[in-house]
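Please look over the sequence and the 3D structure shown below before reading on. The report then takes up some of its parts in turn.

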Amino acid sequence: MYKYPLENLLLNPKTYQFSDVSSSSFLEDYLIQRNSFLVLLNCEKSDEFSLFLNTISLLEYEELLKLQKKFEVKKSFFNNYSKDVSFIAFFSYQLSRYLKKEHCLSLFSTLLKVNDTLSSLSLDDFSFFERYLVFNSINIEVECIKDLLNE
């Protein structure tokens, strides 16, 4: 079982120090968890949303690093739960889009933690648009994992 998103990680952040990844089923469990969450998000391809998402400017690498540092230290950005959910969903999308064009292990590690946090939340915490952002981000994350496994 992939244990990280079992409780709300925004309310109960994890440090990931000394995480046990030695189990032979770790990656399989991770993929099962992510795919199950994608099913829960229940987002279908939408030409309208895709068109809109493609117009969003991507942050520069240096800007992502600043946000990464803040997330890695605090596991949130604000002292307001709904603001954090919304911002983290958008941060996830920004990270995944960057990683789709340019691989960076440090940012990829952060994306995994960000998406662990998002997948630990209730679907009621997200607007439909935020769910669509997260859906796209997790799909890109899973693609990246599969690419790494095939190398």
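This is a predicted model: local features need pLDDT of at least 70, side-chain atom pairs count only at pLDDT 80 or more; totals for chains, interfaces and linings use all residues.

Helix H4 covers residues 81–101 and helix H6 covers residues 128–150. Helix H5 is made of residues 105–119. H4 meets both of these helices, and the table sets out the geometry.

| Helix pair | Axes come within | Crossing angle | Hand |
|---|---|---|---|
| H4 and H6 | 8 Å | roughly 35 degrees | left-handed |
| H4 and H5 | 10 Å | roughly 145 degrees | left-handed |

On the H4 side, the contact with H6 includes Val 85, Ala 89, Phe 90, Tyr 93 and Arg 97. Among their partners in H6 are Leu 133, Val 134, Ile 140 and Glu 143. The residues of this contact divide into nine nonpolar, five polar and four charged.

The contact of H4 with H5 draws on H4 residues including Val 85, Ile 88, Phe 91, Leu 95 and Leu 99. In H5, the residues that they meet include Leu 107, Phe 108, Leu 111, Val 114 and Leu 118. By class, this contact has 12 nonpolar and four polar residues, and no charged ones.

**The largest pocket**

Which elements give two or more residues to the lining of the largest pocket? The pocket holds about 220 Å³ of space, and its lining includes Lys 45, Leu 53, Tyr 93, Arg 97, Phe 135, Asn 139 and Glu 143. The elements in question are helix H2 (47–53), H4 and H6. H6 gives the most, with five residues. The lining divides evenly by class, with four nonpolar, four polar and four charged residues.

Some of these residues also belong to the contact between helices: Tyr 93 and Arg 97 of H4 take part in the meeting with H6, and both line the pocket.

**The cavity**

One cavity of 30 Å³ or more turns up in a search of the whole structure. The space in the largest cavity is about 40 Å³. Its lining consists of Leu 9, Pro 13, Lys 14, Tyr 16, Phe 71, Lys 75, Lys 113 and Thr 117. By class, four of these residues are nonpolar, one is polar and three are charged.

**Two loop residues with positive phi**

Asn 42 is not a glycine either, and has a positive phi of about 50 degrees. Asn 42 sits in the loop between helix H1 (26–41) and H2.

Are these two residues buried or exposed? Asn 42 has 55% relative accessibility and so counts as exposed, the cut-off being over 50%. Lys 75 has a relative accessible area of 8%, under the 20% cut-off, and is therefore buried.

**Ile 145 in H6**

Ile 145 lies in helix H6. Ile 145 counts as buried because its relative accessibility is 8%, and buried means under 20%. Beyond its neighbours within four places in sequence, Ile 145 is in contact with Tyr 30, Leu 31, Phe 108 and Leu 112. Leu 27 and Ile 145 are 118 residues apart along the chain, while their C-alpha atoms are separated by 8.9 Å.

Definitions and conventions
Residues are numbered from 1 along each chain as its sequence is written. Side-chain values use heavy atoms; hydrogens and water are left out. On a 1 Å grid over the protein atoms alone, a cavity is a set of points where a 1.4 Å probe fits but cannot get out, and a pocket is an open set with protein on both sides within 12 Å along at least five of seven lines; lining residues have an atom within 4 Å of a point. Grid points are joined across faces, edges and corners, and a volume is the space filled by probe spheres set on the points. Ala, Val, Leu, Ile, Met, Phe, Trp, Tyr, Cys and Pro count as nonpolar, Asp, Glu, Lys and Arg as charged, and the others, Gly among them, as polar. Axes are lines fitted to C-alpha atoms, for helices over the stretch in contact, and angles run from 0 to 180 degrees between N-to-C directions. Helices (H or I, at least four residues) and strands (E, at least two) are DSSP runs, numbered from the N terminus. A crossing is left-handed if the near helix is turned anticlockwise from the far one by less than a right angle, and right-handed if clockwise. Contact means heavy atoms within 4.5 Å. Buried means under 20% relative accessible area, exposed over 50%, partly exposed in between (1.4 Å probe, protein chains only).
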